[in-house]
Protein chains: 2
Amino acid sequence: MALIPKNHPRAKSLFIREKLIDGFDDGIVAKEGLLAHGRGEAFDYLLGEKTTHIAKNAIKAASAALLLAKNSVISVNGNIAALSAKEIVKLARIVHAKIEVNLFYTNDIRKRNIVKLLKKNGAKEVLGLDLKLQKRIPKLDSARRVVDKDGIFSADVVLVPIEDGDRTIALKKFGKKVITFDLNPLSRTAQTAHITIVDNATRGMSELVVCCSRLSSKNETVLKKILRGFDNKNNLRMNILEIKKNLSRRASHV
Amino acid sequence: MALIPKNHPRAKSLFIREKLIDGFDDGIVAKEGLLAHGRGEAFDYLLGEKTTHIAKNAIKAASAALLLAKNSVISVNGNIAALSAKEIVKLARIVHAKIEVNLFYTNDIRKRNIVKLLKKNGAKEVLGLDLKLQKRIPKLDSARRVVDKDGIFSADVVLVPIEDGDRTIALKKFGKKVITFDLNPLSRTAQTAHITIVDNATRGMSELVVCCSRLSSKNETVLKKILRGFDNKNNLRMNILEIKKNLSRRASHV
């Protein structure tokens, strides 16, 4: 990729993009992942390219849910691995979550590359590679339903950063508490998940690590209270309002 | 790419995406082109994935400008070639425009692949390959400023479907009348161009071909009147309003 001029109005977003493209060149990110990132960029742009206070509320609720979970799993795809490998490992350590590689466009070489990257960043165990442990999520087509018996299949809480709508719906029907990152507050994933963090996953994962670390000393009562105080539908509506507000502000300069 | 279920709520958008990915596999589209397409998809989604009456107004003005031009050029990059090669050739024929391959991320092999694709679709001459004819757009950095002496360099009207902000600004400063496709009504390209068609380029190019064909029998007075009646800033504002309206409509279902 060409050098990014430091004075470019959107340099930070371009640096993240470069990181993703490096991930593609390293066999971590799928072609479709580049497209998905582009979609995210557009919504991030409309949200002001910052972690809003609305997203921070969702991150707080997600932290409580992860800390309260008995058996949580972080589902890792190419994009989140390329952008936040270090944060995934940190988060797993703090909330005692398992890590499972689970790809929408399944591909064994890419899976192995992702596992390697996570281990390089300190992960001890990464699920999702062992064919003998493959189980299927009910009510979902094709390869996309395959998950690890000891991972997503038996989890109570699943963090699926950047996920497909059909899979999110199937996971929810299968009784999982679903936490997701999705920059489009109108997407089926955003609408379906129990907790939707409408934020750039790169920024949001760092924020989630900090928040989980901060709340890890709190007792169950406090965490449950945080969770009860969170309303996902309302949070999504506030995100839509935020986009509308930004559009109005910018439209006045046109 | 995986098979697209026909009942998928956004099947049409996924088919276009697949066409672009094929273009990538064929060495036509750049990695950055996949990301750019993703950004476009997000805005298209917010605009309702249809050519709005607002976009149709811009297309009408663009048709008039192209038909009035003395020396128009269609600037072709990887994305528009992969999605609309046939329409580019048709449009060039109707409005007597030249075709020039001009890439943001320059790459000789990709350039040749694009020329081959355009010729396969009926183009007689494609500019942009001859090193001896290379000229530079003033006030623009690096490889991105190189254009063809007989093409963009000497054109009065340039259609740049999907363009970078810096280049659009430089082209305008260089005295060109710039027509662009940009799904983000807030982008620098959208704000800078003389006529911005806020529409998916795949749909918009077909519409532009039809409109140019319809208006090609009109005389100069009629075409100039159409052009005078078009206000780009106002058109952009209406697009922003359209996005806000769609957000409100959808938010009520959340």
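Visitor: What do the buried residues of H6(A) pack against?

Guide: They pack against strand S5 (157–161), strand S6 (177–181) and helix H7 (188–192) of chain A. Keep in mind that this is a predicted model.

Visitor: Which residues of helix H6 are buried?

Guide: Start with the general idea. An α-helix has 3.6 residues a turn, so residues three or four places apart point the same way. Now the case here. H6 of chain A covers residues 165–173, and A:Asp166, A:Arg167, A:Thr168, A:Ala170 and A:Leu171 are buried.

Visitor: What follows H6(A)?

Guide: A:Gly175 follows H6(A), with a positive phi near 90 degrees.

Visitor: How do I read the sheet? What is the strand order in chain A?

Guide: Strands of a sheet pair through backbone hydrogen bonds, either parallel or antiparallel. In chain A, five strands form an open sheet in the order S2-S1-S5-S6-S7, and the pairing is parallel. Strand S2 (98–101) and strand S7 (195–197) of chain A are at the edges; each has a single partner strand, so one side of each lacks a neighbour in the sheet. From one strand to the next, the twist averages 20 degrees.

Visitor: How many bridges join S1 to S5 in chain A?

Guide: Three bridges join S1(A), residues 72–76, to S5(A), and the two strands run parallel. Take one residue: A:Ile74 has A:Leu159 in S5(A) as its bridge partner.

Visitor: Which helix lies across S1, S2 and S5 of chain A?

Guide: Helix H4, residues 78–95 of chain A, does. H4(A) runs at about 170 degrees to S1(A).

Visitor: Next, the core. Which residues have the most contacts inside the largest nonpolar core?

Guide: In soluble globular proteins, nonpolar side chains tend to be buried together. Here the largest nonpolar core has 156 residues, and A:Leu91, A:Leu118, B:Leu91 and B:Leu118 have the most contacts inside it.

Visitor: Last, the interface. How many residues does the contact take from each chain?

Guide: It takes 30 residues from chain A and 30 residues from chain B. On the side of chain A that touches chain B, H1 (11–25), H2 (31–47) and H10 (232–251) of chain A each supply at least two residues. H2(A) gives the largest share, eleven residues. By type, that side of chain A has 17 nonpolar, four polar and nine charged residues.

Terms used
Residues are numbered from 1 along each chain as its sequence is written. Chains are lettered from A and ligands numbered from 1 in the order in which they are written. This is a predicted model: local features need pLDDT of at least 70, side-chain atom pairs count only at pLDDT 80 or more; totals for chains, interfaces and linings use all residues. Two residues are in contact if their C-beta atoms, placed from the backbone, lie within 7 Å. Helices (H or I, at least four residues) and strands (E, at least two) are DSSP runs, numbered from the N terminus. Ala, Val, Leu, Ile, Met, Phe, Trp, Tyr, Cys and Pro count as nonpolar, Asp, Glu, Lys and Arg as charged, and the others, Gly among them, as polar. A residue is buried if 20 or more other C-beta atoms lie within 10 Å of its own, exposed if 12 or fewer, and partly exposed in between; C-beta atoms are placed from the backbone. A nonpolar core is a set of buried Ala, Val, Leu, Ile, Met, Phe, Trp, Tyr and Cys residues joined through C-beta atoms within 7 Å. Two strands pair if DSSP finds at least two bridges between them. Axes are lines fitted to C-alpha atoms, for helices over the stretch in contact, and angles run from 0 to 180 degrees between N-to-C directions.
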